[in-house]
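Let's take a walk through a protein fold together.

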Amino acid sequence: HCRSVVESLEGQREAQQEELEQQKKELAVLTGGKESFSQFRLDYYSPDRGSLSRSPRETMEHHLAVCRRYADRFGNEGGNLLLFGAPGLGKTFLSACIARVVSEDGYSVVYDTASHIFSLLEDAKFRRGDEDDEETRRLDQCDLLIIDDLGTEMNSTFVQSALYQLINGRLLGMKSTIISTNLTPEDIGRRYSQQVYSRIEGEYTILPFIGTDIRQLKRQRGEK
C-alpha cells in the first residue's frame, strides 16, 4: 500500500514537472524567452523632469524595482499589477521578465494576449456541455495570469462581462493577475465597466509608464 502511494506521488510530481517544462517552453515562444530584468535599459528614458515631479527615468527606475520585487517575492506576497501607458515603453518586456522568474520558481503562469484570452473564453462558452474546459480552467486557476495588450480586442458585451468575471474570480480565489494596456484606468472603466475599474483601483498596484517609444529611439540610434 505504501509503495502504491509513493508511486502515485512520484507520478504526480513527474506530471507537475512535465507541465512546468511545457509552460517554460510556451512562455519562451510567447515572450521571445530572452527577457531579463538586467537587460532593462533605463538609458532609453529621459532624466529631464520638465513639469513632472519625477523624470521618466526616475519613474521607470521605481517601476523596475517594483516588478523585480514582485517577481522575487511572488511566493510570499503575490498581488496584482496594472502596467499602462503608450506603446513601446517596456510594459510587455517587464511582464515577460516577471513571467520568466515566477515560472522558473515553479509557479504556474499563463501569459497571453487579451484578444486570445477572450476568444478562448467565447469558444468555451459555446462548447459548454463538454468536459470542463482545460484552457479556461488554466485561466481561472493558474498562480499568475498575465493579460497582455488589454484594449486591442474587439469589444462586446461578452468581453465586458468576461473580463469582470475573470478579474473578480481570480481576486476571490486569491490568484495573482498582471494586466498590461495602452488604456488608462479611467479608459478601462469607460470601455468595460465601473465594476472592473473599481476592482483594479482597489486591488491592483498601478504603474503608469511614461517616456518616448523605445522602438523609435532604437531606430534613431541605429540599434537593432
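This is a predicted model: local features need pLDDT of at least 70, side-chain atom pairs count only at pLDDT 80 or more; totals for chains, interfaces and linings use all residues.

Start with the strands. Strands of a sheet pair through backbone hydrogen bonds, and they can do that either parallel or antiparallel. Here 5 strands make an open sheet, and the pairing is parallel. Going across the sheet, you meet them in the order β2-β3-β4-β1-β5. At the edges sit β2 (109-113) and β5 (205-209), and each of these pairs on one side only. On average, neighbouring strands in this sheet are turned by 10° against each other, ignoring direction.

Now zoom in on one pairing. Strand β1 (residues 81-85) runs parallel to strand β4 (residues 176-181), and 4 bridges join the two.

## A helix across the strands

Next, find helix α6, which covers residues 157-172. This helix lies across β3 (144-150) and β4, and α6 runs at about 150° to β3.

## Two helices side by side

Two packed helices are described by the angle between their axes and the distance between the axes.

Which residues of α2 and α3 meet? From α2 come L64, C67, Y70, A71 and D72, and from α3 come L94, I98, V101 and V102. Sorted by class, this contact between α2 and α3 has 8 nonpolar residues, no polar ones and 1 charged one.

## Two residues with positive phi

Most residues other than glycine have a negative phi. Now look at D149, which lies in strand β3. D149 is not a glycine, yet its phi is positive, near 65°. The relative accessibility of D149 is 30%, so it counts as partly exposed.

M174 is another residue to look up: its phi is positive too, about 60°, although it is not a glycine. You'll find M174 in the loop between α6 and β4. Is M174 buried or exposed? With a relative accessible area of 73%, M174 is exposed, because the cut-off for that word is over 50%.

Key. Residues are numbered from 1 along each chain as its sequence is written. Side-chain values use heavy atoms; hydrogens and water are left out. Two strands pair if DSSP finds at least two bridges between them. Axes are lines fitted to C-alpha atoms, for helices over the stretch in contact, and angles run from 0 to 180 degrees between N-to-C directions. Contact means heavy atoms within 4.5 Å. Ala, Val, Leu, Ile, Met, Phe, Trp, Tyr, Cys and Pro count as nonpolar, Asp, Glu, Lys and Arg as charged, and the others, Gly among them, as polar. Buried means under 20% relative accessible area, exposed over 50%, partly exposed in between (1.4 Å probe, protein chains only).
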